[in-house]
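The stops below are meant to be selected in turn.

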Amino acid sequence: MKAIRRFTVRPVLPAPLRPLSDLARNLRWSWHAETRDLFQSVDPEAWAAAGRDPVRLLGTVRPARLTELAGDRRFLRRLTAVADDLDDYLSGDRWYQAQTDGLPAAVAYFSPEFGVTAALPQYSGGLGILAGDHLKSASDLGVPLIGVGLLYRHGYFRQSLSRDGWQQEHYPVLDPNELPLTELQEADGTPARVSLALPGGKALRARIWLAQVGRVPLLMLDSDVEENDLGERGVTDRLYGGGSEHRLLQEMLLGIGGVRAVRAYCRLTGHPAPEVFHTNEGHAGFLGLERISELCAAGLDFDAALEAVRGGTVFTTHTPVPAGIDRFDRELVARHFGPDTELPGIDAQRILALGRETYPGGESNLFNMAVMGLRLAQHANGVSLLHGQVSREMFAGLWPGFDAEEVPITSVTNGVHAPTWVAPEVLRLGARQVGAQRTEDALSVGGSERWDAVADIPDDEVWELRRTLREQLVQEVRERLRASWRQRGAGDAELGWIDGALDPDVLTIGFARRVPSYKRLTLMLRDPDRLTELLLHPERPVQIVVAGKAHPADDGGKRLVQELVRFADDPRVRHRIVFLPDYGMAMAQKLYPGCDVWLNNPLRPLEACGTSGMKAALNGCLNLSVLDGWWDEWFRPDFGWAVPTADGAGTDADRRDDIEAAALYDLLEQRVTPRFYERGRGGLPDRWIQMVRQTLTLLGPKVLAGRMVREYVERLYTPAAQSHRALTPDTARDLAGWKARVRGAWHAVTVDHVETTATTATAELGSTVGLRVRVGLGELSPDDVEVQAVSGRVDAEDRITDATVVPLKATGAPDLEGRRVYEGPLALDRTGPYGYTVRILPAHRLLASGAELGLVAVPSQDVVDGAGVLMR
């Protein structure tokens, strides 16, 4: 019989066990081994059955067992020690508290998804896992962060396979009362709510759930409340589900409702109000509009409010392709903003202008969330060096007249939260080597360039660790493979072969990620016969574990999954290659440590960062990857291999894939497998072990999320906080007025004449050339601009590369025509073809970049022709 209603019965813990509830409700347990070990000891079988989720465990453990534990002195001593450790973690000073003044009082971090733990399934892939790691590392470092997201009642889908290998999606209903969440309440005990006005006089209301991620509160908005109509209740149903209007409502709730949730949380708890708002990808961009609306309600006009908001906003882009950006029909956006809907105090045309694609090739009828994000943030970044470069090129049209390298988008390379992703066996080995506290600090806070203590670990211990992790993965794979085949309809009599699937002594390659086409799940299948030979090689066999989900609407991705599954189903190779459905955090935490090689073969440069290989590396796994994302930045032959790319303009897609697949096979046959299987005098693969050691020593400190969050604090959050403080209402009005005046007068700014002291086309290294420039500033003054000499090597088309910028100084009063003269030296500090130009930029102490306004004046062709010689 089926229940007509479901509700949650919470256990009543005996008084001595009450701290278990606090430990279960703080998600620090997800990365703190001692807390997990404590919960496992409550009831090992129930712990496994509960999916290693303390909240579910406490809801199922027998009352008699709780009574027994309440009288167990040894258990109570352990409980006290773990509870005291959590209290010290939450209240003690950490890295952030030891830094100098000027840091933000608080930072609000908005993301559409958060991958904190499998017990809170609110993520689909790398963006969410990165956001979860960001929160955890902020907690470890003591950064006063507030996370803001949505609570999806179905989360992302669960994946299974049909008998013929086709992906099937399932959407289990999540009950917030069974998750590690508490509801934010007003002082009188009523639930805290946020509300958005919708067209037609309707409203979208949401409650606020709180997940405690160590020291960091994560606020999650949930529209499934009785006050909403049926349509509005479903706004937070699924992550990345629904049509265009559904997505727009999700993003309005995340951005606008999220700011309101932050205000409510700070009001109710006394948490410092954020000085910096960090928009993790464009989905949350509407938060800037809500903050502008707040300031307009306090008396600022739109332009001044925009400047104040920009100063304290950080925008991170994660996509290297325009197709990955949310874009909405302008009419749809206009319908949701205006006098009778949301943000009635702001002219809808001003809102639409923020998302307009004003660059060449842009579509005027679309509203671009990333474009709005960039216009609402004074500080922006990509997530690897290469991705920063790609982003500057992709969005260069927003800053016309500037070379891509000067577009004000920097980069902070992603990192991963080591305590979450490093296997307990690796942690124990580190603790034996340098002590538990030093190991914890090295992995969470970071800061060192090298982990030299790894050199002291004997080779046999390194190799034994790697085999142990591989053996654990083999057991995990067999269990998951058996469960998958049963779901596909197989009976036990058909599954005897699974007991021999994979081998703990065979080179193991991992490949797990989302399945968009650019990640090329099936590149390894390009030559099936050659792959089969690799898998079944008599002396140097390879085994491959593959996992990944295609988006529910992506039939092309599903066909790739099916192609891989059908190959892996072949009885000849199924003991050497497996596809595991339902890839998620729980699987990943076994998969990364157990693999010897992590494979990544995206189309370069379409992988913004790609952090899965980082997690593998922290466990001593070697990377085999296309030079894209983070691997392009940090690859060294000491700790992995680079798959060559065939990205020439004349190479079609099929030929490119053929060439790169052949290169991948060559690497595996000629370099990877021989190194794994060759043995030195002691019977160990000495050269392989050395690569593992180099991976941990040199790569380990780089890939930490602690390093990443410290970079955000130092390079983005602190400057944003300082801008926020500087932009008082009066200052913001002045800056907005100055920008309007400069834009209005810029048409009259000219470079009229350029001359140098050089008399020949050659000069000696180290010499100096004098520059004399006459400019017209129109209605602007010298204080409004900076006249610059830009010089450097030039290519065959006279484009300046690796430029040096030197400001020139005004000399004397304007002439009778109002022209001014600027002078300065040009130091010839490089040999070879050398050139210069002159330009004028707006200048103001509150600009984060000279390119901020997208205005630049350069010499006309007539001036160029008379500017003298080109240095060679």
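In which helix is L699 found? Select L699: it is found in helix α26, residues 686–699. Helices (H or I, at least four residues) and strands (E, at least two) are DSSP runs, numbered from the N terminus. Before going further, note that this is a predicted model, in which local features need pLDDT of at least 70 and side-chain atom pairs count only at pLDDT 80 or more, whereas totals for chains, interfaces and linings use all residues. Residues are numbered from 1 along each chain as its sequence is written, and side-chain values use heavy atoms, with hydrogens and water left out.

**First stop: the surroundings of L699**

L699 has 0% relative accessibility and therefore counts as buried. Here, buried means under 20% relative accessible area, exposed means over 50%, and partly exposed lies in between (1.4 Å probe, protein chains only). Display the side chains around L699: not counting residues up to four places away in sequence, L699 touches A617, W630, W631, W634, F639 and Q694. Contact means heavy atoms within 4.5 Å. Then select W451, which is 248 residues from L699 along the chain, with 9.0 Å between the two C-alpha atoms.

**Second stop: aromatic rings**

Rings of Phe, Tyr and Trp (its six-membered ring) pair if their centres lie within 6.5 Å; planes under 30 degrees apart count as stacked, over 60 as edge-to-face and the rest as tilted. By this rule there are 20 aromatic pairs. Select F286 and F367: their ring centres are 6.1 Å apart and their planes are at 15°, so the pair is stacked. This pair links distant parts of the chain, 81 residues apart, with F286 in the loop between β9 (276–280) and α10 (287–297) and F367 in strand β12 (residues 366–368). Both F286 and F367 are buried.

Next, select W485 and W497, an edge-to-face pair with 6.1 Å centre to centre and 90° between the planes. W485 lies in helix α19 (residues 459–487) and W497 in the loop between α19 and β15 (507–512), so the pair ties together parts that are twelve residues apart in sequence. Both W485 and W497 are buried.

For a group of rings, select W463, W641, F676, Y677 and W688, which ring pairs link into a cluster.

Two charged side chains over rings may be shown next. A charge sits over a ring if NZ of Lys or CZ of Arg is within 6 Å of the ring centre and within 35 degrees of the ring normal. R238 lies over the face of Y171, at 3.6 Å from the ring centre. The charged end of K615 sits over the ring of W421, 4.7 Å from its centre.

Side chains of opposite charge can pair when their charged atoms come close. A salt bridge is counted where a side-chain nitrogen of Lys or Arg is within 4 Å of a carboxyl oxygen of Asp or Glu. The structure holds 61 salt bridges.

Which residues does E852 pair with in salt bridges? One partner is R310, where the closest N and O atoms are 2.8 Å apart. That pair links parts of the chain 542 residues apart: E852 is in the loop between β27 (834–842) and α29 (861–865), and R310 is in helix α11 (residues 302–311). Another salt bridge joins E852 to K739 (2.9 Å, N to O). K739 lies in helix α28 (residues 729–745), so this pair ties together parts that are 113 residues apart in sequence. E852 counts as buried at 12% relative accessibility, and K739 is buried with a relative accessible area of 3%.

Now select R153 and D224, whose side chains meet in a salt bridge (3.0 Å, N to O). Both are buried. R153 and D224 also belong to a network of salt bridges that includes E183, R193, R207, D222, E227 and R233.

**Last stop: R488**

Select R488, in the loop between α19 and β15. R488 counts as buried at 7% relative accessibility. R163 is 325 residues from R488 in sequence, yet their C-alpha atoms are 4.8 Å apart in space. Leaving aside neighbours within four places in sequence, R488 is in contact with L161, S162, R163, D164, G165, V565 and D569.
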